[in-house]
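Subject: Structure for your review

Dear colleague,

Please find below the structure that I am handing over to you. My findings follow it, arranged by region.

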Amino acid sequence: MATIEVKMISSSEGPRPIPVIALGTATESGIARIETVTPSTLIEAIKMGYRHFDSAAVYGTEKPVGEAIAEALRSGLIKSRSEVFVTTKLWCNSADRHLVVPAIKESLKNLGLDYIDLYLIHWPFKITQDELKLPIPNECIVPIDIKAVWEGMEECQNLGLAKSIGVSNFSSKRIKQILSFAKISPALNQIEVNPLWQQKKLREFCEKNDIIVTAYSPLGAAGNNTWGHSHVMECDVLQNIARSKGKTLAQICLRWLYEQGVIIAIKSFNTERMKQNLDIFDWSLTQEELNKIDQIPQCKYTSLNRIAGTGNNDILAEIDADID
């Protein structure tokens, strides 16, 4: 079984360990409420050494994550709940002050847990859509009252429902807004990061403000027809480095992210790839290889419009323009 390194995240209990690799659970089918992530798959992940699971209310995967943790406890794979770190997220249709606490309580019910390790605001906008349909119609996307919603997030931590709170897909501008009034600062910002979309400015801003970054879509979400792309996997620079080191291209991307000091949310339910994705700690990239990756032309391929419509929407345009 692999041992995954940890970072320390601020919490209601002071600094707590957070594993630097999380198994992501978002799938197109899951969002459509067709089961694709099973407890047995997650149990296999626990056997391999995964101890951090990234879920969200909208993914429809909180129940299998909770069931896998319960089974791991019953079977002795883990000795206590504290050995597993669970991240989940507030969906946009609950981005109102009075809905935040009920939303986390629903997530806890789905997970079968007493607390969530890390609770995130999923996107910096609100939607007026009860059941998710992608793309989200533009008329269903409205501004978020971030001060009111963040007060709800702080209440989640103060009540002991979440150990840490943070944000996802937030720009430095929006985080500055939160920092201007927050009693509890965001502990983490989960954003898209990969060698073709490195988000250096945003990562630097987060580091200066003691905010951990989690990188999602580290491989460009290849294979996901809704929001993914294959540009990372087709990158000549990464392919050449992988060949020269005898590693997979995915391992090169994950090692690069690890060396950037971020948490990595990687999604694969293929047993061999799940093992390979943990094999990134006992080797390193050379300075020459890091320089080559640093020089890869940057382009944001995963546009918000692929998730939230193709028409004109000032809210989405501002968010898209504001991320690095």
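This is a predicted model: local features need pLDDT of at least 70, side-chain atom pairs count only at pLDDT 80 or more; totals for chains, interfaces and linings use all residues.

Overall picture

The protein chain holds 324 residues, and buried residues make up 55% of them. Among the contacts in the chain with a separation of 6 or more, 72% are accounted for by residues 24 or more positions apart.

The annotated position

UniProt, in an unreviewed entry, places the feature "active site" at Tyr59. Such annotations may be inferred rather than shown by experiment. In the model, tyrosine 59 is found in the loop that runs between strand S4 (52–54) and helix H3 (62–75). Is this residue buried or exposed? Tyrosine 59 has a relative accessible area of 10% and is therefore buried, the cut-off for that class being under 20%.

Helices H8 and H11

Two packed helices are described by the angle between their axes and the distance between the axes. For H8 (residues 236–245) and helix H11 (residues 287–294), the angle is about 160° and the axes are 10 Å apart. Angles over 145 degrees count as roughly antiparallel, so H8 and H11 are roughly antiparallel to each other. H8 passes H11 in a left-handed crossing.

On the H8 side, the residues that meet H11 are Val237, Leu238, Ile241, Ser244 and Lys245. Their counterparts in H11 are Glu289, Lys292 and Ile293. Sorted by class, this contact has 4 nonpolar, 1 polar and 3 charged residues.

Aspartate 236 also has its place in H8. With a relative accessible area of 53%, aspartate 236 is exposed, since the cut-off for that class is over 50%. Aspartate 236 and isoleucine 296 are 60 residues apart in sequence, yet their C-alpha atoms are 9.7 Å apart in space.

Helix H9

How many of the 11 residues of helix H9 are buried? The count is 9, so H9 (residues 249–259) is largely enclosed by the rest of the structure. The buried residues are Leu249, Ala250, Gln251, Ile252, Cys253, Leu254, Arg255, Trp256 and Leu257. What covers them includes the helices H7, H8, H10 (271–276) and H11, together with the strands S11 and S12 (263–266). Just after H9, glycine 261 takes a positive phi of about 85°.

Backbone points to note

Most residues other than glycine have a negative phi, and most peptide bonds are trans. Against that background, two residues deserve mention.

- Asparagine 169 has a positive phi of about 65° although it is not a glycine. Asparagine 169 lies in the loop between strand S9 (162–168) and helix H6 (172–181), and at 5% relative accessibility it counts as buried.
- Aspartate 210 likewise has a positive phi, of about 55°, although it is not a glycine. Aspartate 210 is found in the loop between helix H7 (200–208) and strand S11 (212–216). With a relative accessible area of 66%, aspartate 210 is exposed.

With kind regards

Conventions: Residues are numbered from 1 along each chain as its sequence is written. Side-chain values use heavy atoms; hydrogens and water are left out. Helices (H or I, at least four residues) and strands (E, at least two) are DSSP runs, numbered from the N terminus. Buried means under 20% relative accessible area, exposed over 50%, partly exposed in between (1.4 Å probe, protein chains only). Axes are lines fitted to C-alpha atoms, for helices over the stretch in contact, and angles run from 0 to 180 degrees between N-to-C directions. Angles under 35 degrees count as roughly parallel, over 145 as roughly antiparallel, 65 to 115 as roughly perpendicular and the rest as oblique. A crossing is left-handed if the near helix is turned anticlockwise from the far one by less than a right angle, and right-handed if clockwise. Contact means heavy atoms within 4.5 Å. Ala, Val, Leu, Ile, Met, Phe, Trp, Tyr, Cys and Pro count as nonpolar, Asp, Glu, Lys and Arg as charged, and the others, Gly among them, as polar.
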